[in-house]
Each structure stands twice: as C-alpha cells, then as structure tokens.
Amino acid sequence: MKNEAEFIELADYLLAEDMKLEESFERCLLPFLENKDFDAFSTLCYLLFAKKIKGNLGKFRKRENLPELPIKLNHTLAQEYDSKIGDWKREQKQIWSDRVQSVIRLTEKYYKKFGTMPFGMREYMERCGNALIHSTLQDGGFTERSLKMISYFLALSYKEQIKIQHIKPELVAKYESAHKFVQKYKIYLPYYYVIVGELWKQSISNSHGKDCGNSLPIMNLLSELPNVYKSFLYGYRLYPDNPREEVLMSWKGKDGMEPLATRELPVPFYDYLPTFCPVKIKDEKLTRLPCTQIYCETDMQLYLDNIYKDIELAALSRKIQDLEAFLSRNSLFDETDNSNTELQKQERKGQGLSSEQIAKHVEEIKKRLTNKSKNFADWARDGNNPSRSSIIVRILENAHFNRNNLSRAADPSKKHEKDTVIALAFAFGYSWEEARQFIAAAGYCLSDSIERDIVIRYALEKNFSLVSCNKILEGLKFGTIHGKKKT
C-alpha cells in the first residue's frame, strides 16, 4: 500500500457518506487505480461490497424489528427466525451480485480509456465479492460462515488451496487467474484473512491446552504485512486527519441545541474486516457480516507481540549467519589505519582472522544485539495507559499531532520524527529519565549543545506539560513542538 494516510481518509469517506455507486468509485477508488496502488484499490472495493450487504442487513433488522444482538431463541422461534432471514437473504443475492458486477464494469470502463486491465484483476474482484456474498448466505452460525469466508481467501492466496478448498471445477480457472493477480501486485487482503484464520485456530488450540506452534508461512506473511493491516490485527482504531465527530451531550443555547461534548470517530474497519475482540458477541445467527469482531480468549496483542519477537530473532539469526560468512571471505584490514592494534598487526602480516576469532566476534555481536534495551514500541505501549488515553490524545491533538501517532508508535517497523517522539514523551507523562530512554529507543537524543534541546530537557526535568514547554520555546523564538495535522 503506497499511501496509508490517503487510504484511511478515503475509506472513512466511503463508509460514512451516502453516495451513489458512481460517485463512490470516482471519489474513493479511482485515485488508487490511477496510481496503480492495486492493494488499496482492491481493499476499498471489498469495503464497498461489504457496505452494501451490511446496510441491507441493517434495514432488514429494522423492518422486522429484530434485535441487533439477538438473545438465545427457543427451538421454534429459532426455526422461524432462520427461515425468515434465510429467505430474505437469498432474495438479496442478485442485488449484491449486481453491485459487484457494476464495480467491475466501472473498472473496465476506466481501462478502455487508459490502458489494459491487469491480468486476473476482473476475476479477483468477482471472486472477492462472491466470497463475501456466499459466506453471508450460509445457513450456519457466525463461526461456520466465517470459516467459509477464510476458505475462499485461502484459495485466492495459494494455488494448491484451490483443490483443497473444493472449489467448483468450472471456477478453477477464474481462481487461478485471480491468484496470479494477487501474487503479481501484492494484494494483501486475502493473506490478511489467511493470517486471521491461522491465529484464530492457534488461539483455540491454546485455550484447550494444545500447542500447535507458529507455522513458518504465517510468520513470513506477518513479517511482510503492511502497517495498516497490522493495525487491524492489533485492534488499533485508525482516524483520518480530520475525523468525524459524534455528539455525546447537547444543551439548549440561544440558537437551539448546541453540542456540549463530542468525540472523534475512528474509521469503522472493525465492522467490515476481521478483528479480534475479548467479548463474546451473542449474535450467532445470520444478521452480521461473517468474520468480523471475532471472539478470542487469547490476549491477541500479547500473542502477536510474541510472534513478532520470534520473527525478529529469526531475522537476527539470518543476519548473524550472513555476517559470519562475510567475515570469512573479507578482511577487516583498514589501509588508512596506522594504529598498532593486534588486529592491524595480524592483517599486515597477511594472517587475517582465524575462524575461532571470527566466531568469537560474531558471538559477542549476537549477544549484544539479542540483549538490546527495551525498544521504542514497547515503551510506547507501556506509556499509552488506557485510563489516560483521552488525556494523551488531547495533548497530542492540541499540538496538531494526528492521534494515529499512538497506534503507529506501537509498531516496531515504523520510523518517527524527533518532535513526534518528544511529544509522545510529554503525553505519556514520562519522567526525564524515562523520556531520555524513550527518545533514545527511537534513535534520537536531546543534545547538550543544541539550545532548543536544552530547553526541552529542562521542561521534562521539571515535569512541565507540552503546552508549557511550547510557550517557553515560543518565547525564546525557537521552533515549537508541533505536528503536521490539518487544522
């Protein structure tokens, strides 16, 4: 995904606004088609399909006066309930299929003007939409429909799974073409479903005292997963630069009702894409999109942290092996170094390093890399205390930092600007010593030779707020600590 911020912005607009299909396509999908960002385009297509189905399910619930989360029904009522919604959903099948075909036609219309449609793209869009439709139409409970959904995406992700998942013979060629599109253009949504299915399976095994281990393919997929999909997995809430607001309290003013308290709304990815939740949702019937908000007894954030640590250790082992092989082939001799160290003496004599010496250096480097200090992501997760989350967000927003900086800070693969790190240190309420380690973990320091850094350090030592620190910086005509969020 080339531009995650734009993806979040347009996904929010797509899901929140009531638009005609053509407008949705032109405003939200077309920019990614033009930039050849097929991963973002494909995921937004999927959200467009899911929005139609979810909206129709909601209207049906309201029309039939069905509860959002049905309580357990007795046998007779359950049969009546299943029959009623089952018949209605089968009537909807053509409507939902028409939506998928309409989006495909709009995509083909674009390519008639501006080039050739990538091979397998049409088949992928069709199979992706039909996977959602067919899973939603299943008569089983939420779990059965979710597993069906994952099986379709397994067939899109791996060619050998087309046979394993019992794909109909007449659809095999379409799945093979779609799979080639997924592979060539790095379409991550199918792999995201595969990861979710594997993690779900592992969490169930662990809850029953079994250890099925981390399968290597899943670890490889997790290591390559773009950051926005990682945020979905971790259950982070993502916000556009200018989030929508929900009025929580109102009061009657001179001009009528005026908002007294509001809250910013995240993009509701969790209503359309798989996310894990610790609370069991009672709706086991047919009124919810399959494979969304999956109940999981395992602490998925902690579980993912452990997997990513295993991935990091595996990557480190590979690097150490590469280093050992490199040193066995290459001399460490520095011709410009006239020092009389033992290493230089040996190299001048042409003796080089023995295999034992190479192994010793490599082992010491490995030891130091393995025992490195607490990383920035761990510091960020520890600092983001849930009881203070609203205060932390307010501190960041007042300095024009996007609240997504909080979720990005917990992602070890993300790089952060120095001022963002400093703002987070203030927002988390870190002491000077904690802030020093936190800033160092991000690869920065507050220098005793730079005037602005000296002032920031003083503010941290005195436990000043970010606002107070910025007032001092402004008074001294130094640059204030602020983000790039649109105001």
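User: Which residues does R99 touch, leaving out those up to four places away in sequence?
Analyst: Bear in mind that this is a predicted model: local features need pLDDT of at least 70, side-chain atom pairs count only at pLDDT 80 or more, and totals for chains, interfaces and linings use all residues. Residues are numbered from 1 along each chain as its sequence is written, and side-chain values use heavy atoms, with hydrogens and water left out. Contact means heavy atoms within 4.5 Å. On that basis, R99 touches L21, L48, F49 and K52.

User: What is the nearest side chain of opposite charge to R99, and how far away is it?
Analyst: R99 is buried (under 20% relative accessible area; exposed is over 50%, partly exposed in between, with a 1.4 Å probe and protein chains only). Lys and Arg count as positive and Asp and Glu as negative, leaving out His and the chain ends, and a salt bridge needs a side-chain nitrogen of Lys or Arg within 4 Å of a carboxyl oxygen of Asp or Glu. R99 has no salt bridge, and the nearest side chain of opposite charge is E22, 7.8 Å away.

User: How are α1 and α3 oriented to each other?
Analyst: Helix α1 (residues 4-16) and helix α3 (residues 38-63) have axes 10 Å apart, at an angle of about 15°. Axes are lines fitted to C-alpha atoms, for helices over the stretch in contact, with angles from 0 to 180 degrees between N-to-C directions. Angles under 35 degrees count as roughly parallel, over 145 as roughly antiparallel, 65 to 115 as roughly perpendicular and the rest as oblique. That is why α1 and α3 are roughly parallel.

User: And what about α5 and α8, how do they sit?
Analyst: Helix α5 (residues 121-137) and helix α8 (residues 172-184) pack with axes 7 Å apart, at about 110°. On the α5 side, M121, E123, Y124, E126 and R127 meet K174, Y175, S177, A178, F181 and V182 in α8. Given that angle, α5 and α8 are therefore roughly perpendicular.

User: How many of the residues in α18 are buried?
Analyst: Helix α18 covers residues 418-427 and is mostly covered. Its buried residues include D419, V421, I422 and F426.

User: Is H166 buried or exposed?
Analyst: H166 is found in the loop between α7 (161-164) and α8. Its phi is near 60°, a positive value in a residue other than glycine. Most residues other than glycine have a negative phi. At 70% relative accessibility, H166 counts as exposed.

User: What is the N to O distance in the salt bridge between R27 and E23?
Analyst: Both residues lie in helix α2 (residues 21-34), four residues apart, about one turn of the helix. R27 is partly exposed at 44% relative accessible area, and E23 is partly exposed at 33%. Their side chains meet, N to O, at 3.7 Å.

User: How far apart are the closest N and O atoms of R436 and E433?
Analyst: This pair lies in helix α19 (residues 432-441), three residues apart, about one turn of the helix. At 38% relative accessibility, R436 counts as partly exposed, and E433 does too at 37%. The closest N and O atoms of their salt bridge are apart by 2.6 Å.

Conventions: Helices (H or I, at least four residues) and strands (E, at least two) are DSSP runs, numbered from the N terminus.
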